[in-house]
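Hi everyone, thanks for coming. Please have a look at the structure on the screen, and I'll walk you through a few parts of it.

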Amino acid sequence: MPGRKTRSVLAVAAAGMALVVGAGTANANPNAAYIGYNHVTSGSPVWCVQELLNYLGAHPSDHPGSPAPTVLAQDSSFGPATYGMVQWLQISYNSQSGVTPLSVDGVVGPATGGVLLNWASRDYYQDYCKAYIPS
């Protein structure tokens, strides 16, 4: 029969395994609402768009697009600057050869959201943001 110390070690090991197993990559959310004018314009979804766009601006080697034109205030409010940066992402993506073009509408829907998540895949908040970005 295992002693108290052995049971404690087993409990800690089991807890560690639970953390490792639960630490997998989160799935993108196909049911997330569109983000942009006439859609979601505030809160965590907008903050995530701003975070991921700022990541792309700070890490130009992580994506094939043109350099980002600005750094966004991460204020969770979808305004003209965020709208413009979403359009920058869409235009940058469309400049690649052989891609199905995105609509340059400043709205983050599934196609634009998929590009944003893919290009910013190394962002620290990527897994958190997958719940809010349509893709």
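This is a predicted model: local features need pLDDT of at least 70, side-chain atom pairs count only at pLDDT 80 or more; totals for chains, interfaces and linings use all residues.

**Aromatic rings and a helix pair**

Who is the partner of Tyr132? Tyr132 pairs with Tyr128, and the two rings are tilted, at 5.3 Å centre to centre with 55° between the planes. Tyr128 also counts as partly exposed, because its relative accessibility is 40%.

Tyr128 has another aromatic pair, this one with Trp47. Here the arrangement is edge-to-face, with 6.4 Å centre to centre and 75° between the planes. Now find both on the screen: Trp47 sits in helix 2 (residues 44-58) and Tyr128 in helix 5 (residues 126-129), so the pair links distant parts of the chain, 81 residues apart.

The structure holds 7 aromatic pairs.

Next, the helices. How do helix 3 and helix 4 pack? Helix 3 (residues 80-94) and helix 4 (residues 110-119) meet at an angle of about 85°, and their axes are 11 Å apart. Angles of 65 to 115 degrees count as roughly perpendicular, so that is the word for these two helices.

On the helix 3 side, Val86, Leu89, Gln90, Ser92 and Tyr93 make the contact; on the helix 4 side, Thr112, Val115, Leu116 and Trp119 do. By class, that contact has 6 nonpolar and 3 polar residues, and no charged ones.

Notes:
Residues are numbered from 1 along each chain as its sequence is written. Side-chain values use heavy atoms; hydrogens and water are left out. Axes are lines fitted to C-alpha atoms, for helices over the stretch in contact, and angles run from 0 to 180 degrees between N-to-C directions. Helices (H or I, at least four residues) and strands (E, at least two) are DSSP runs, numbered from the N terminus. Angles under 35 degrees count as roughly parallel, over 145 as roughly antiparallel, 65 to 115 as roughly perpendicular and the rest as oblique. Contact means heavy atoms within 4.5 Å. Ala, Val, Leu, Ile, Met, Phe, Trp, Tyr, Cys and Pro count as nonpolar, Asp, Glu, Lys and Arg as charged, and the others, Gly among them, as polar. Rings of Phe, Tyr and Trp (its six-membered ring) pair if their centres lie within 6.5 Å; planes under 30 degrees apart count as stacked, over 60 as edge-to-face and the rest as tilted. Buried means under 20% relative accessible area, exposed over 50%, partly exposed in between (1.4 Å probe, protein chains only).
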